[in-house]
Amino acid sequence: MNSDSAQAVARGSLRWYWNRMRVMNPLELPYRAVTAAGSMKDKTLERLGMLTPTPRKTCVFPQPWLPCATELPALDPEPYLREADAIAAGQIACVDGGSIELGHPSDWSAAVRTTPLTPRLDDVRFQMELHRHGHLVRLAQAWRLSGNEKYLMALLEQLESWLAQCLYPRGVAWSSALDAGLRLLNWSIVWQLVRAGQDESFVPEALGKRWLASVYVHARFVRQNRSRYSSANNHLLGELIGLIAAEATWPLWPDVQRWGVAARREFAVEALKQTHEDGVNREQASWYQSFVFELLATFVRIERAGGRHIDPRVLSRMNSMARFVAAMRDSGGHLSHHGDADHARALCVDPGPCEPYGRLIALAVDLGVAPELAPLIDSASAVSPWLLGGTPTPAGTSLAQRQAARSLLPRGFPQGGYHLLGSHFGEPDEVLMTMDTGALGYLSIAAHGHADALSLRLSVGGQPVLVDRGTYAYNAQPGWRHFFRSTLAHNTVCVDDTDQSAYGGPFLWTRHAAAHLDSFTSDETSGHVTAWHDGYGALPRPLVHRRRVEWRGAAQRFVVSDALQTNGPHKVAIAWHFDPQCELEVIDDVVQVRAPGALLRLRMADTAHTGRWQLHRGDADSKLGWHSPGFGVRIPAPSLVWRTRISGTTTLSTQIEIQFNQGRT
């Protein structure tokens with residue numbers, strides 16, 4: 001790196017620190033100072049060999065909280081063994097569909113991500129996922145299912161090498177209390193699977209002592225470094241569940257028991273705080289809706305196994321979360337992501353790619369928190385047999401039963417800010433549009449929110465048409481990180497090439513646009529949503545964007561009216577981002593969209609207003625025309641932008657007409 005580059009990096013870092021401090025609570029800086037002092041003390045104790053107390057020798061380990069830990073479920077072991085074979089050879093599956101080369105024997109510091117799908121993306125997020133140890137669960141499952149000791153030996157080798165190479169508190173393995181908390185959760189599952197029905201001889205004595213000592217260090221590290229104040233989002237819930245799992249699995253130290261009891265109380269409070277009563281997670285990110293629900297499900301499993309009372313408000317909030325997801329899914333089982341999605345799992349008990357939203361519904365039914373959603377479960381979203389705790393998941397429901405269950409779900413979620421328009425929800429000829437009138441994100445940094453106020457998503461016949469562009473990256477390639485979070489990357493109006501909210505860093509917004517709902521109605525035949533936001537009030541010539549979306553069922557048409565209230569000139573871009581399966585053609589002033597099973601036409605209703613369509617697909621300069629179906633993956637997809645200039649208050653209207661292919665209706 002030359003001196004100019006180094007100075008640029010330094011300036012960027014200083015700017016980030018300044019932005020980060022600007023959004024902190026006045027009490028947050030003292031808290032972080034105390035936390036840092038505690039960490040320094042722990043590092044000193046670790047060097048002196050005084051950090052870990054001796055565990056109790058007479059402790060009786062609790063019964064496993066994981067269902068099926070003692071009696072294995074009846075299932076096909078082949079998918080588990082196939083993944084375990086790769087893991088034993090040092091190939092760890094990655095969230096982008098590629099893998100991390102851990103090697104054999106394992107070398108955790110030299111692990112390199114490789115993927116056949118996309119050019120390599122050096123994002124630390126992949127390394128962090130590796131150090132959460134979810135893949136060790138697969139080795140434990142394979143050993144229990146097959147009895148083949150090669151899986152147990154691979155598990156012990158990787159565990160021993162990690163303990164030897166990833167010493168506290170150095171390296172990426174100890175960069176996040178969330179990762180340490182999830183590592184405790186995965187260790188708890190591994191411990192239950194390999195220890196159930198046996199004595200402790202499955203682990204060599206020396207390794208067992210080091211493992212238990214590390215459990216204590218983990219619990220202390222998580223307790224000392226919990227996410228607080230502006231960082232107290234899903235990370236805090238994951239950290240607390242790690243402490244709860246540690247206490248439920250290894251009650252060998254009074255400290256761990258005390259921390260676990262306190263964590264259970266705090267978890268229940270945070271579960272209610274982080275999700276609206278209508279079921280929308282306050283981070284405004286659909287993937288984290290699923291991630292948080294899995295943490296809640298784990299909490300419920302542990303508490304029920306211990307015979308403890310669960311606050312009924314927590315169970316009610318889980319019901320609302322499941323109902324929100326069920327309402328947002330289209331008839332094909334798709335849920336267009338909003339906000340960040342890094343494709344992480346809290347519960348790593350299933351092989352293969354994760355379809356989180358169907359599994360969320362199935363898990364809610366199995367836990368008994370949303371039994372009314374049972375007809376909406378299909379074979380692709382059945383709850384994992386490793387998590388079953390009682391009544392088997394219902395299956396084989398008729399179309400009429402599914403439609404009846406779907407009709408009982410809300411069409412509006414006013415607290416979370418999502419509103420549904422369309423007809424025939426849950427049926428083959430479904431038209432489902434959602435409009436976002438919610439907050440930017442959670443707390444002062446809104447870490448996982450996108451600048452997507454008043455954005456739209458559309459599914460036709462169970463197939464996505466208008467979609468959010470996804471996430472792609474967190475820490476690598478900051479330009480792409482910013483773009484995928486930007487206003488122009490969403491189906492809304494971008495003014496003067498400016499985001500609605502002020503971008504301050506990869507997980508930081510320094511100014512938040514506020515959206516406000518004016519009115520909403522929706523039924524089978526018609527409906528509308530009218531809302532506005534103040535995100536462009538900071539421009540030199542302030543502008544208010546008010547959007548009204550009308551659904552006219554008889555005509556199979558949406559009318560989107562964007563009123564831009566201002567007293568000066570502005571550049572305006574109305575963006576429409578399409579699923580990669582869609583094909584677009586611009587014919588004069590009409591855009592034809594060929595989607596799976598349907599033909600759509602977009603036209604500007606006011607053709608007298610000067611403007612033009614611009615079609616993008618894989619544009620490297622503007623970054624338009626790219627879609628991220630999974631973390632770390634970026635593929636070309638059509639994006640359509642209507643660009644114009646206005647000199648004062650103006651209303652621009654877009655019509656979207658839908659025609660199903662023959663045989664669909």
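Which helices do the buried residues of α10 pack against? They pack against α8 (205-224), α9 (234-249), α11 (286-305) and α12 (312-328). Before going further, a word on the model: it is predicted, so local features need pLDDT of at least 70 and side-chain atom pairs count only at pLDDT 80 or more, while totals for chains, interfaces and linings use all residues. Residues are numbered from 1 along each chain as its sequence is written, and side-chain values use heavy atoms, with hydrogens and water left out.

Let us stay with α10 for a moment. Helices here are DSSP runs (H or I, at least four residues), numbered from the N terminus. Helix α10 covers residues 254-273, 20 residues in all, and reaches 29 Å from its first C-alpha to its last, close to the 28 Å expected at 1.5 Å a residue; the expected span is 1.5 Å times one less than the number of residues. Its buried residues (under 20% relative accessible area, 1.4 Å probe, protein chains only) include Trp259, Arg264, Glu266 and Phe267.

Follow Leu139 next. Leaving aside residues up to four places away in sequence, Leu139 is in contact (heavy atoms within 4.5 Å) with residues including Ala84, Ile87 and Tyr151. Ala84 is found in helix α3 (residues 78-88), and Ala84 counts as buried because its relative accessible area is 0%.

Now back to α7 and its packing. Two packed helices are described by the angle between their axes and the distance between the axes. The axes are lines fitted to C-alpha atoms over the stretch in contact, and angles run from 0 to 180 degrees between N-to-C directions. Helix α6 (residues 149-165) and α7 pack at about 145 degrees, with their axes 13 Å apart. The contact is made by Leu152, Leu155, Leu159, Trp162 and Leu163 of α6 and Arg183, Trp187, Val190 and Val194 of α7. For α7 and α9, the angle is about 35 degrees and the axes lie 7 Å apart.

Notes:
Helix = DSSP H or I, 4+ residues; strand = E, 2+ residues; numbered from the N terminus. Buried < 20%, exposed > 50% of the residue type's maximum accessible area, 1.4 Å probe, protein only.
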